[in-house]
Every structure is written in C-alpha cells, then in structure tokens.
Amino acid sequence: MLHFTHGEFHERLRRTKEKMVQEGIEVLVVTDPANMNYLSGYNGWSFYVHQALIVIIDEPQPLWIGREMDANAAKVTSWLFHEHIIPYPDYYVNSNTTHPYDFIGNILKEIGQSKRVIGLEMDNYYFSAKCFQRLQKALPQAVFKDSTNLVNWVRIIKSDTEIEYMKRAGQIAVRAMKVGIEAIDVGVRECDVAAKIFEAQIKGTPEFGGDYPAIVPLMPAGEHTSTPHITWSDETYKPNTTVLIELAGCYQRYHAPLARTVTIGEPEEKVKDLSEVVIEGMESALDVIKPGITCEEVERAWRKSIQKRGYQKESRIGYSVGLNYPPDWGEHTASLRPGDQTVLKPNMTFHMILGIWMDDYGVELSESFRVTETGYELLASAPRKLFVKHAGKKLWPGGMGA
C-alpha cells in the first residue's frame, strides 16, 4: 500500500536527520500522525490513542510504537521492517495505572537510548502533558528538547509525486464545491448540502477516489457569515441569504482547500462590494508570488489592495498546506502574514484564504497554489467570483471538472 518509493522515504529520513543534527537531537519522538505518515507511510485512524515513530540518529529505520491492534496496519501501510514495529498491550489504553509512554520509555531504555538528547513534538494535538510527565519519569537521565515542527519544516517543499497528489485533491475540491453550490437553494436543509459535499469529497473522480479531509466543510449562512468556522445545521436556506463554503479535496492525505461565497438571489450591496474587494486583493497577492519573495511580501500586496477600498484584515491570509490528519490541514510552518520572513521556493504549497468577516456578514475566497520556478500554479481551479443563484441560471461554465 505504499504510495511513494522507498527512495523517497529514505530521502525524507535523511533530511530529517540533518535537522536533528543541527538541533543537537539524537532521538526524535514523532507523534503528529502526518509526520509519522511522511516518514514511514503509516496510515490509520489510530491517532486517538497514543502512538509514536522513533527516529534514532544512528539507526537506518525508525521504530513504530503503537497499540497492539494497529500493528498490522503499520505492517500493511509502512515501509518498515516488521521487527521495527513494536506494539503495546491494550491494557495501556485509557488506564488509570499504566500509560503508553511508560511502555515507550521502557523500550528506549532497553535499546540503550535512555541517556540521549530526545526531541519531542511538545506543541501538537497528539502529545499531552501526561505523555511528557510519564516519559520524564521513565527516562530520568535523558535530556529533552522541544522539536515541535522539525519534521513539518522538512515537509514544506514537496516532491513531484506529492504535487501530483495535491493536484488530484484539487480536482476533487472543485467537484465538491460545484456540487455544494448547485445544491444550495431556498428550502433546502444545510445538512443535506453538507451530505452532498461529503459524498463528492469521498467519491472523487472517475479516475481516482477521495480521502476524508482533515477539516469538515465549513458552511456558515446568513448572519453566521460574520465568522468562518461554523459548520452546518438542519435549518433550511432562506431567500436573499449569503453562504460561505470552505472545503478541501483530499487524496492520499494530501489536501487542496478551496473557499467561495454564494448568495441566494441578488446580494446586498455591502456583500457585493466586499466581494469585489476580496477578488481584487486575491489577484494582487497572486501577482507577486514567485521564488525569492517572502511570505510577508505576499500579505503586503493584499493589504495594500484592500486598504485602497477602506478595508483591513488583522489575521493571516494563508499558510503552508499539504499532508495532514484531523483536526487541521495546515502544516504549522510558514504563514502569509506580516513578519514571516520565510522565502518562497519552488514546490512550496499554500492555501491563501482571504476572508473578511464583519459584524453581521462576510465574504470568503481562497486559492490553493504551488510556487513554480517563475510564479505560481493553482491546485484547484474554480471560477473566481461571487456566485449569485437565480432559478434556472447556470452558475458554473463547462462540465463537472471545469
């Protein structure tokens, strides 16, 4: 079930070890499931229990340590030799007396790693304070360092295969967006539109199926468009309502997010005006993208554009995106915002989301793109406009994939 060559996995491991050397880390405990996948290929919905990939600086393969019932998944989905897959018994799960990091600490002790410098992903969703506490207790002579995002920064430049997977995700995103926009109408329940979007995301295209995205469709409507992270309800859409849709296509865990704004009937003048501002800002920001400029320069182009129309946006306008698991498709590295001096390089990939949310309305527009040798390439190509729904009016030119 490997979706990359052994050579690509070895190259990822080599670059990770280079960073470990730079930061003085001898043992890296990887707990982010995206980073575990990136280095080993491991893929399973098992991240709700504790698991880790252990990268040892002088060992050719990492160790996978996880729940006993998930060990076969590691054998099926990863490139690791079976002797590098170490399961812990089920009595470690949700126990008041034992903890998986007791087991992990004992394994590190048994293989002679108890006195080394150990890097931990201390600021992620999958490594708790108790994990750290139990590991410290098991390995009192170890030196612990925060290695949060070490692997994430290795991931920031994509291989050609990764780019191909993100382009496939982009095709799925476009299809799901088209399905969602077509389904929105007066009297239709929000949850029914969400169901159709989910179907399109998983069904994918005739050539390839989709995966579950790290974030569910975000679909605020009416006054709820003043905030970006509302999902859906079982209420029906009313006439003259604005709806925001933010979703992603996902293929082999690689994401291409996409956001658009829809109005049922003619938009209010303030919504129409804000939409024009956001579209102009998007085009201004995209125009400056090329290798060598910084993330903050992209944001500056956007900010100058909207300031001319009297608007401002305090939050970042985008972030590096790619391989991930719930609850986030962002890579937690570079952000398109003031102060971020990350230099754009070919095959970096970003989700630029230009939402402006006012007190009682808002507009969203986003594009996923990769940096090319000379500029950028969109990963999901959908009409860049405010979608206005009228009975019988065609909103989307061309076929399903247009």
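I took buried to mean under 20% relative accessible area. The model I worked from is a predicted one.

**Entry 1: Asp-102 and Arg-134**

I looked up Asp-102 first. At 17% relative accessibility, Asp-102 falls under the 20% cut-off and therefore counts as buried. Its salt-bridge partner is Arg-134, and 2.9 Å separates the closest N and O atoms. The pair ties together distant parts of the chain, with Asp-102 in helix α4 (residues 100-110) and Arg-134 in helix α5 (residues 129-138), 32 residues apart.

**Entry 2: Asp-273 and Arg-309**

I next examined the salt bridge in which the side chains of Asp-273 and Arg-309 meet, at 2.9 Å from N to O. This pair also links distant parts of the chain: Asp-273 belongs to helix α9 (residues 269-287), while Arg-309 sits in the loop between α10 (295-307) and β9 (318-321), 36 residues apart. I noted Asp-273 as partly exposed at 27% relative accessibility, and Arg-309 as partly exposed at 32%.

Within it, Arg-15 pairs with Glu-11, the closest N and O atoms lying 3.5 Å apart. Both residues are in helix α1 (residues 6-22), and because they are 4 residues apart there, about one helical turn separates them. Arg-15 is partly exposed, with a relative accessible area of 24%, and Glu-11 is partly exposed at 32%. For the whole structure, my search returned 25 salt bridges.

**Entry 3: Lys-196**

I located Lys-196 in helix α8 (residues 190-203). Its relative accessible area is 45%, which means that Lys-196 is partly exposed. Beyond neighbours within four places in sequence, Lys-196 is in contact with Val-179 and Ala-183. The C-alpha atoms of Lys-196 and Ala-183 are 7.8 Å apart, for a separation of 13 residues along the chain.

**Entry 4: the largest pocket**

I recorded about 290 Å³ of space in the largest pocket. Its lining comprises 17 residues, of which His-229, Glu-246, Arg-316, Tyr-319 and Ile-353 are the closest to the centre. Sorted by class, the lining has 8 nonpolar, 4 polar and 5 charged residues.

**Entry 5: the annotated domain**

I consulted the unreviewed UniProt entry, which annotates residues 12-157 as "domain: Creatinase N-terminal". Over that range I noted 36% helix and 18% strand, with the end C-alpha atoms 11 Å apart.

How values were computed:
Residues numbered from 1 in each chain as written. Predicted model: local features only at pLDDT ≥ 70, side-chain atom pairs only at ≥ 80, totals over all residues. Heavy atoms only, no water. 1 Å grid on protein atoms, 1.4 Å probe; cavity = no way out; pocket = protein on both sides within 12 Å on 5 of 7 lines; lining within 4 Å. Points joined across faces, edges and corners; volume = space filled by probe spheres on them. Nonpolar A, V, L, I, M, F, W, Y, C, P; charged D, E, K, R; others polar. UniProt positions renumbered as here; feature names shortened; annotations may be inferred. Helix = DSSP H or I, 4+ residues; strand = E, 2+ residues; numbered from the N terminus. Buried < 20%, exposed > 50% of the residue type's maximum accessible area, 1.4 Å probe, protein only. Contact = heavy atoms within 4.5 Å. Salt bridge = Lys/Arg side-chain N within 4 Å of Asp/Glu carboxyl O.
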